[in-house]
Structures are given as C-alpha cells and as structure tokens.
Amino acid sequence: MLRNSVWQYEPDIVLLAFFAGNDLRNNLAELESYHVRPFFQQMDGNLKLDDSFLQHPDYLKAQSLLVRCKVALTNRIRLLQFVNHVREAWRQSATAETDGEHVRAGVDLAPLAVPKDGAWKKAWEITERLILEVAAETERHQADFYLLTIGSDVVVHRDANVTAECCRALGVEDLLYAQRRLTGLGAEHGFTVIDLAG
C-alpha cells in the first residue's frame, strides 16, 4: 500500500497504527484463519511476498461481477452495512468462544506477553521486519515515520480486576509487552513510537 498508493500524495509524515490484538496474527499464515490475503515470508534473510491468495477460490469469486455489484450496493445502503456489521460481530464472538483463553472478543491476548511458541515468535519477527521496511521506505522518501501502538481494551480497562485477571491468565505482571517491544524497536532503529496505552 505504501509503495503503490501513498507516495503520489507526497506525505511529510507516515503514521503506522499497530494493534497487537490482531496485527501479529494477520501477518502470519499459520496463525491467521482467513487466508484470502497476501502474507510475507522470510526467505534467505529477506521478506518475500506470498501472493498465492490470488488463485484462492474465494478471491476469484470476489472478482466476479455479481460479488462486485453486491459490494457496491453494500457500500451505498446503510441497512446492508448494518447486516454485515451484525454478522461480523457474531462471527467474532463465535471465534472467541472456540479459540480459548488467549482471545477476548476476537482480540488476541498472546501478544501481551513474551511469545511462548514458535508461531508467535515468527509472527513477531515478520511484523518487526515489515515495520522496519515501512520505516526504511519512508526515510528513502524523506518523510518522517511514526509508529502508533494501540492497546487492547484489557490493557487500559477501567476495572483493574479485569486487567489483573488477564495478567494471571497469561502469567505476567503487566500487559505492556507489545508496547515495550515496539518502543525498543523504535529506539534501536531511530523512529518515534507513540504509545497510546501508556
């Protein structure tokens, strides 16, 4: 998106909003349940785009005239937007019930603690590489890069008991691992991280 669409507007600032509650999962095919999207893989120390989703039956169906008309109508009719919203909320609550204790209302809690398994470690590695690519691309275009971290609701919940219960479930003292990790990445590579949760 940055390379293909943004630079024509000649921005002075590129602000990347990062939400650990799903952005990590979205960056790794092994964690993401929805596969009709591009993923990056690390190969020989480089990021390689896996665009095999372009051949996925759901993607090909989405390119059909019927589906494009449906999308165009949904973009213009509020009732259809409401139906989609209700359907998506139901799907997320069903996913949260089946994914177990490390999900809260469709939001991953695992990124709030040090990664314990290979998939989450890999998701962090790819995500950090992608952030660094965005920062480098921004610097090449002589714009300023800022990374904005958005915390999950449980991180800043007004009821301290909710936060404490999540800490107990994850076996951690606080829920700021993602913010600390990204702030450290910014300090190491010379870009500003704005921590909204903090």
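The entries below follow that order.

**Ground rules.** I noted that this is a predicted model, in which local features need pLDDT of at least 70 and side-chain atom pairs count only at pLDDT 80 or more, while totals for chains, interfaces and linings use all residues. Residues are numbered from 1 along each chain as its sequence is written, and side-chain values use heavy atoms, with hydrogens and water left out.

**Entry 1, the cores.** I looked up the nonpolar cores, each a set of buried Ala, Val, Leu, Ile, Met, Phe, Trp, Tyr and Cys residues joined through side-chain atoms within 4.5 Å; buried means under 20% relative accessible area, exposed over 50%, and partly exposed in between, with a 1.4 Å probe and protein chains only. The largest nonpolar core has 25 residues, of which Phe18, Ile131, Phe145, Leu147, Leu182 and Phe191 touch the most other members. Two or more residues each come from strand 1 (13–19), helix 6 (118–140), strand 6 (144–150) and helix 8 (177–189), where helices (H or I, at least four residues) and strands (E, at least two) are DSSP runs numbered from the N terminus. Helix 6 gives the most to this core, namely seven residues. Apart from this core I found another, of ten residues, including Leu109, Leu112, Leu170 and Ala197.

I then listed contacts, meaning heavy atoms within 4.5 Å. Leaving aside neighbours within four places in sequence, phenylalanine 18 is in contact with residues including Asp23, Leu24, Thr127, Ile131 and Leu182. Threonine 127 lies in helix 6 and is buried, with a relative accessible area of 2%. The side chain of threonine 127 makes a polar contact of 2.9 Å with that of asparagine 27; such a contact is a pair of N or O atoms within 3.5 Å, where within protein one must be able to donate a hydrogen and the other to accept it, and residues adjacent in sequence count only if both atoms are side-chain atoms.

Alanine 178 is in helix 8 and counts as buried at 2% relative accessibility. Not counting residues up to four places away in sequence, alanine 178 touches Ala20, Pro111 and Trp124. The C-alpha atoms of alanine 178 and leucine 112 are separated by 5.7 Å, although these residues are 66 residues apart along the chain.

I took a salt bridge as a side-chain nitrogen of Lys or Arg within 4 Å of a carboxyl oxygen of Asp or Glu, and the count comes to ten. Arginine 25 and aspartate 108, both buried, meet through their side chains in a salt bridge of 2.7 Å, N to O. Arginine 25 lies in helix 2 (residues 23–26) and aspartate 108 in strand 5 (residues 107–108), so the pair ties together parts that are 83 residues apart in sequence. Arginine 25 also forms a salt bridge with glutamate 32 (3.5 Å, N to O). Glutamate 32 in turn forms a salt bridge with arginine 37, with the closest N and O atoms 3.3 Å apart. Glutamate 32 counts as buried at 5% relative accessibility, whereas arginine 37, at 25%, counts as partly exposed.

Phenylalanine 82 lies in helix 5 and, at 54% relative accessibility, counts as exposed.
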